[in-house]
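Please read the points below beside the coordinates.

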Amino acid sequence: MTESTVTLGRFFAAAREGRLTAIRCGGCGALAVPPKELCPECGARRWEPVPLSGEGTIASFTVIRVAPRGHADEAPYAIAAVRLREGVSLLGRVVDVPLDSLAIGMPVRFRPIVVKDRPAIGFGPRQP
Amino acid sequence: MRRVAVIGVGVTKFGRHERTSAELFAEAAADALADAEMPASRVQALYYGNVVGGETEKQLHTGPQAASVLGIPTVPTTRFETACASSHAAFRHAVMEVASGASDVVLVGGAERVLNVPTADSTEYFAYASDASWEQTLGLTFPGVFALVARAHMHKHGTTEEQMAAVAVKNHRHGVLNPKAQFRKEITLETVLSSPKVADPLKLYDCCPFSDGGAALVLASEDVARTARRPIWVLASAAASDWMLLGDKRDLSRVPATERAAAAAYRQAGIGPQDVDVVELHDCFTIAEIVATEGLGLFEPGAGGIAAEKGWTSLGGKIPVNPSGGLKAKGHPIGATGAAQICEVVTQLRGEAGARQVEGARRGLTHTLGGNTATVLVSLFGRD
């Protein structure tokens, strides 16, 4: 069969360049975060890549103070679940926001980051 | 399908041990067989839970290893890994093996050893149960996962840090009554609220400890169980899964897998939450107990924090939750936890829980959560 429209590798390669990509089901129009082989809504196997704005708001957040071995030198750091304007949500590090000013509902914008040599999702401040 | 009963239980002391996980399981399993008055030669299968053996003990293939150390090397053995719900998943499959008629006597259990490695390492190994590409890269920890749940619950329902702390105080109070518990000392709200932050808003005393330990139980078909002294019947055992990525979960204040597993279990048993007398649930973090009491239908959504604060979940309260001390005080050797919860409920339904006995308990529930809320098992038990 054909390879998924957006593999994990392609997603993060584009994210590193500043572009977030979701996938839209050709059967029912559901929007999803890749990779998915089958649509969880209708079962179809027809995805199209769609660009995401990267704009969203914080749905929940935490400040990690006791970190895993591999991230111990980075603590404390903030992680948030961000609901994007298009309706999907991503987890990311929040950067350039004072830790004590984090709040649910805070507007943020996607920012590509590299954590320990690996591409990752980041979010920085955004004017509402 | 045939009726299935638990006829024997065994649990090691939880805490720090200088023994391998296989040795810890073997102690619990031998105790369970003795409790069941069942010779090991009658065991037809072993269903085993173990999670981070590959990391902390450099040991895979832990199922046959555990069976060998117990002394039943030729019994068909399978290891289950569903993160912290592993031995509850093992239990559900073992119930199906007995219910189907394939076997009459099956051993279920699990064990874990983590206190032989530093906390930063065990924190990292536990984080392997979150997504490697999306979540581990961010440095997400398990306290971090439930901190996200806590913030969402506080925002939606007004749940407070004091209400979460009340869960820890209650479970420590219960733990004092449990000789097998890792922590047997009372704490105050102030102890919790002034403890160091781990992942805001969760503090050290909102978190269960790292633990070594083992647990095991003997399952039997109805014919065999009728000859046992104190059979406790399995009324239901249900599993549910959910999205792996936290980002894919629509409402972080809920654990939908708990709601689905509970609904399936109540349907199987033909009872509802109002029929349950005692509950052992997955309080890996204080907020996890609050959300679970709601998801299991014990309280309305948003009322879990109030229930903790008012003492409704204490021994002597409306519905006692975690009389064992829960994961918080009893300890959480992750591969053993699901089996240990079942052992506690069986002990309660037999009326043998001593100082922590829920008076007159006839029906009990166990709830075990795995990973970033993507696995939940719920089982129901009843006495004759």
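Which residues does the domain assignment of chain B give to domain 1 and which to domain 2?

1. Domain 1 of chain B comprises 4-117 + 211-232, and domain 2 comprises 130-208 + 235-382; these bounds come from an automatic or database domain assignment. This is a predicted model, in which local features need pLDDT of at least 70 and side-chain atom pairs count only at pLDDT 80 or more, whereas totals for chains, interfaces and linings use all residues. Residues are numbered from 1 along each chain as its sequence is written, with chains lettered from A and ligands numbered from 1 in the order in which they are written.

2. The C-alpha centres of the two domains of chain B lie 23 Å apart, and their contact takes 35 residues from domain 1 and 33 residues from domain 2, where two residues are in contact if their C-beta atoms, placed from the backbone, lie within 7 Å. On the domain 1 side, β1 (4-11), α4 (86-99), β4 (105-112) and β7 (213-221) of chain B give two or more residues, and α4(B) gives the most, with seven residues. Helices (H or I, at least four residues) and strands (E, at least two) are DSSP runs, numbered from the N terminus. That side of domain 1 of chain B divides into 17 nonpolar, 13 polar and five charged residues, with Ala, Val, Leu, Ile, Met, Phe, Trp, Tyr, Cys and Pro counted as nonpolar, Asp, Glu, Lys and Arg as charged, and the others, Gly among them, as polar.

3. Chain B also holds an open sheet of nine strands with mixed pairing, in the order β3-β2-β4-β7-β1-β8-β11-β10-β9; two strands pair if DSSP finds at least two bridges between them. Because β3 (77-80) and β9 (278-280) of chain B stand at the edges with a single partner strand each, one side of each is left without a neighbour in the sheet. The twist averages 25° from one strand to the next. Within this chain, β2 (residues 46-49) and β4(B) pair in the parallel sense over four bridges, and B:Tyr47 stands opposite B:Val108 in β4(B).

4. Helix α4(B) lies across several strands of chain B, among them β1, β2 and β3, and runs at about 175° to β4(B). Axes are lines fitted to C-alpha atoms, for helices over the stretch in contact, and angles run from 0 to 180 degrees between N-to-C directions.

5. How do helices α6 (residues 142-157) and α11 (residues 286-295) of chain B cross? Their axes come within 9 Å and cross at roughly 55°, which makes α6(B) oblique to α11(B); angles under 35 degrees count as roughly parallel, over 145 as roughly antiparallel, 65 to 115 as roughly perpendicular and the rest as oblique. In this contact, B:Phe146, B:Val149, B:Ala150 and B:His153 in α6(B) meet B:Ile287, B:Ala288, B:Ile290 and B:Val291 in α11(B), and the residues divide into seven nonpolar, one polar and no charged.

6. Chain A is assigned domain 1 (8-52) and domain 2 (55-125), with C-alpha centres 21 Å apart. Here 10 residues of domain 1 of chain A are in contact with nine residues of domain 2 of chain A.

7. Between the chains, the contact takes 29 residues from chain A and 29 residues from chain B. On the chain A side, β4(A) gives the most, with six residues, and by class that side has 18 nonpolar, six polar and five charged residues.
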